[in-house]
Amino acid sequence: TPGQMVSTIENMVPGGANKRFFSLGIDHASVLEVKEEPDVRPAGSFSIRGHSVGGYGSVTTNKIIATCLGDIFGFKVQASPKYGSEKKGAPTNYYLTVAPERIRVNCELNHVDVVLCCDPKAFTHTNPLEGLNKGGCIVWESSETPETAWTRIPAHHRKFIKDNNIR
């Protein structure tokens with residue numbers, strides 16, 4: 001991520017940690033601390049992170065949306081899934097960035113404008129609100145009434161939604 005690159009440079013400069021051997025992006029004793037994740041997307045960009053379940057077709061839908069935005073409207077787009085060897089039904093994420101100019105970041109997004117939650121259990125195994133910009137939007141798929149769905153969101157996440165004017 002951009003934050004990991006900043007940490008790597010800070011490690012090398014005089015007065016930095018100057019660790020000869022270190023790790024990035026994993027839970028390990030040798031990992032460099034990331035103090036912040038800078039937003040390096042182009043000005044005027046719009047990003048979406050989706051939380052879904054393997055086998056729902058969300059990654060394919062994301063790619064189709066990206067193709068339409070690029071081909072029809074001429075935007076620069078970048079669509080990428082995050083999955084490994086998950087089986088059908090396992091949690092997965094996908095990312096989409098749309099911008100008026102070339103997108104030079106290719107990693108999991110830490111700054112997003114919309115979070116699509118097609119996984120009704122997302123709040124039980126991750127924080128789908130992480131990196132959601134103030135005034136952003138969350139779309140949470142649920143067959144429940146809005147009142148019931150709201151109560152299933154953990155209290156600290158409901159507070160984040162209210163405090164950050166999340167729609």
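The model is predicted, so local features need pLDDT of at least 70 and side-chain atom pairs count only at pLDDT 80 or more, while totals for chains, interfaces and linings use all residues. Residues are numbered from 1 along each chain as its sequence is written, and side-chain values use heavy atoms, with hydrogens and water left out.

In soluble globular proteins, nonpolar side chains tend to be buried together. A nonpolar core here is a set of buried Ala, Val, Leu, Ile, Met, Phe, Trp, Tyr and Cys residues joined through side-chain atoms within 4.5 Å, where buried means under 20% relative accessible area, exposed over 50% and partly exposed in between (1.4 Å probe, protein chains only). The largest such core has 15 residues, of which Val115, Phe123, Leu129, Leu132, Ile138 and Trp140 touch the most other members. Two or more residues each come from β4 (112-117), α3 (122-125) and β5 (132-140), the helices (H or I, at least four residues) and strands (E, at least two) being DSSP runs numbered from the N terminus. Apart from this core lies another, of six residues, including Ile48, Ala66, Leu96 and Val98.

Leaving aside residues up to four places away in sequence, Val115 is in contact with Arg49, His51, Pro128, Leu132, Cys137, Ile138 and Val139, contact meaning heavy atoms within 4.5 Å.

Most residues other than glycine have a negative phi.
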